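I opened the model to go through it piece by piece. These are my notes, in the order in which I looked things up.

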Amino acid sequence: MSLVTVERRRLALPAAEIVRFGIPIALVLVLVAFSAAAPGFLTVANVTGVLVNNVALAAIVAIAMTLAVAAGGTDLSVGTAVDLGSLAFITAIGAGQPVALAGLYGLLAGIGTGLFNALLIARLSITPFLATLGTLFIGHSLQQLTTDGGNPVYVPADRIPAALAVLGHGAVLGVPLALWLVLILGVGARLLLERTRFGREVLAVGTQVEVAIHSGLPVRRILALVYVASAAVAALAGILLSAHVNAYVPYAGNAYLLDSIGAAFIGTSLSRNRRPNIPGTILGVVLFAFVTNGLLLVGWNFYWQQVGTGVLIFSTLALAFAGPRLHA
Amino acid sequence: MPPSAMDRGFETVPSIALTDPAADPDAWLAGGAGTLAGLRSAGSFLLVLVVLAVFAARVPAFLGTANLGLILAQSSVLGILGLGLTLVLITGGTDVVAGGIDLSLAGTHGLSAAAFAGLNQAGAGDAACVAAALGTGLAVGLVNAIAVLRLRIPPLLATLATMNICAGLELVITENTTIPAASPLIEWLGGTGPLDVPVLGYLLLAVALTLAASLRLTALGPRASAVGAHPEAARAAGLSIGRYRAGSYLASGLSGGLAGIASVAFLNSATGGSADMLLPVVATAFLGVVFSRRLVPTVPGTLLAALFVGSLTNGFQLLHVSTYWVNGIEGALILAVVGATAASAKGHAA
């Protein structure tokens, strides 16, 4: 047994230190390469566009995912929470409710999704992966049933409240609201995970569940709270999404699912002990977004873009996970 | 005990796959060797039988040979992919994050189908098309194996990246259109064999039988399970963990290639959107776990899960239940089966 341990740790630690900067290095390489190849890449307009259109919502969903990953699970229903949040929000707006109240409905839809997950995971002891997979399937049906098979719901132009445009397109101090929300949620989640007792408990459950149980942590309650929080955060992305396009588009949230998983796990390479962490997740989202945007600007057609994104992400992963596995 | 061994301690009790150790340490620790283990999966079987009985009672044609054959054929692509994933789960362990998983399977199947249909349209013969489809699958499996074992990328991430690459290459080949395909092989595969059962149904059964036989009748099965569930014991016994895991990714890739051919035969074309298969494949393989007595991934379990999902879709169509309900009811049933299994595991411990 000790032989195994020695072999696993054979590589010296400095390698691990270099590996920690795999994603930042990849991001810098991507930025340098694309600004050389595409003149329009490193302009204020383009960077802002990427941050608002490609990063903001994906980052919020990825923050939600990071919470679940930090607790040792995966939340495959983040996209469902986005969609149900969006559906409740747009339905309320369409019914003439004020934006604030509609937002509350959207958030409640997300919390409802989270409570369902919490019931399955904490009460029925179903593993998070399967529980949220079930929620995802049920959410898919729910959306088909409420939209007659997947038709978008638009807010009639004459019913769009002014506040909706502010929420979807407004800015404070020149920074779009969506990015403020990323900042607030990101800092909040970071502080929650790293600076509070609850956050440490979440990470304890995620890293060593056995130890957490024997230390007397209320593991069920912690898991329940994590999945409610994850869905609530994802629903915020849904509300923002529909405020941006004045519509609810069925299954739109699922587009964020795989990227958010990728970002949350790729981000673990940033932490010394390979733990999920918010800065790593956000860097992952930013990397994905700029790769996609860069390939678009250098004129790759849509089909090759996806291949290129895949190859670049693969290379980043190879860089980020080269060397010893501290957390094997 | 060194910390790394502690970490891997979770993998040493196979039956934790479905019951969350966090929720109930006693049930978790007591799992695996229980005398009531059989009862746990009996609950899942019962639920399946009840559902099938309801279908049969409402629509007599449900149990006709023609319809059963149709279910087999409709389940063939999902089933072959699920069986491929099962091999990876057996050899890599069922921990979704640290264990084995192959998310690229759905993409591999789409890319292989596109390669087959593309070559077919270019005038190539069946042999070349089959070689291209299976070769594509093997190549993706090789990339996954290298990524996971040499580059040490966690399987979840490595195969997520290869899935994106496959989906992209599929788009490059198909340009997001449907590529029709016609050939003697496609015609034969898409046709009906003995007993009114489609050839694709036989293909699924043949794949499952081959895999089950090679895992049951040779040392391959116990060794692969050992590598997945007790890597340290396997290593101590002199097994090359890397070689078994690499083999599982290659086999999984190959199953993706085979599923690609099957889907071309089923649809007479290669259609895009294969990535939509990803979650159903994962669901099938994990659902299959509840059909095994020790709650581990098995070939018969996955076959049964694929056929169950297939008969649900088929049954709902016969009952004229709106297809909008299918996903939700499937999801709810998965949760019910898994939840019932988890609950009886808890009761067993108490």
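This is a predicted model: local features need pLDDT of at least 70, side-chain atom pairs count only at pLDDT 80 or more; totals for chains, interfaces and linings use all residues.

I then looked up where Tyr251(A) sits: in the loop of chain A between β4 (247–248) and α13 (257–266). Its phi is near 60°, a positive value in a residue other than glycine.

I noted a second case in chain B. Asn176(B) has a phi near 60°, again positive and again in a residue other than glycine. I found Asn176(B) in the loop that runs between α8 (155–174) and β1 (179–180) of chain B. With 13 other C-beta atoms within 10 Å, Asn176(B) is partly exposed; the limit for an exposed residue is 12 or fewer, so the count is above that limit.

**Chain A overall**

I counted 15 helices and four strands in chain A. For its 328 residues, a compact globule would have a radius of gyration near 20 Å, and chain A has 21 Å, which agrees. Along the principal axes, the C-alpha atoms of chain A fill a box of roughly 70 × 55 × 35 Å.

I checked burial next: 53% of the 328 residues of chain A count as buried. I also checked contacts in chain A between residues at least 6 apart in sequence, and 76% of these join residues at least 24 apart.

**Helix α14 of chain A**

Is this helix enclosed or open to the outside? I found that 16 of the 20 residues of α14(A) are buried, so the helix is largely enclosed by the rest of the structure.

I compared its length with expectation. At 1.5 Å a residue, α14(A) (residues 278–297) should span 28 Å, and its end C-alpha atoms are 28 Å apart, which agrees. Just after α14(A), I noted that Gly299(A) takes a positive phi of about 90°.

**The nonpolar core**

Which residues have the most contacts inside the largest nonpolar core? I listed Ile60(A), Val61(A), Ala235(A) and Phe116(B), in a core of 218 residues. Helix α12 (residues 219–245) of chain A supplies the largest share of this core, 18 residues.

I followed up Ala235(A). Leaving aside neighbours within four places in sequence, Ala235(A) is in contact with Ala81(A), Val82(A), Leu84(A), Gly85(A), Gly106(A), Leu107(A), Ala109(A) and Gly110(A).

Notes. Residues are numbered from 1 along each chain as its sequence is written. Chains are lettered from A and ligands numbered from 1 in the order in which they are written. Helices (H or I, at least four residues) and strands (E, at least two) are DSSP runs, numbered from the N terminus. The expected span of a helix is 1.5 Å times one less than its number of residues. A nonpolar core is a set of buried Ala, Val, Leu, Ile, Met, Phe, Trp, Tyr and Cys residues joined through C-beta atoms within 7 Å. Two residues are in contact if their C-beta atoms, placed from the backbone, lie within 7 Å. The radius of gyration is taken over C-alpha atoms; the globule rule is 2.2 Å times the number of residues to the power 0.38.
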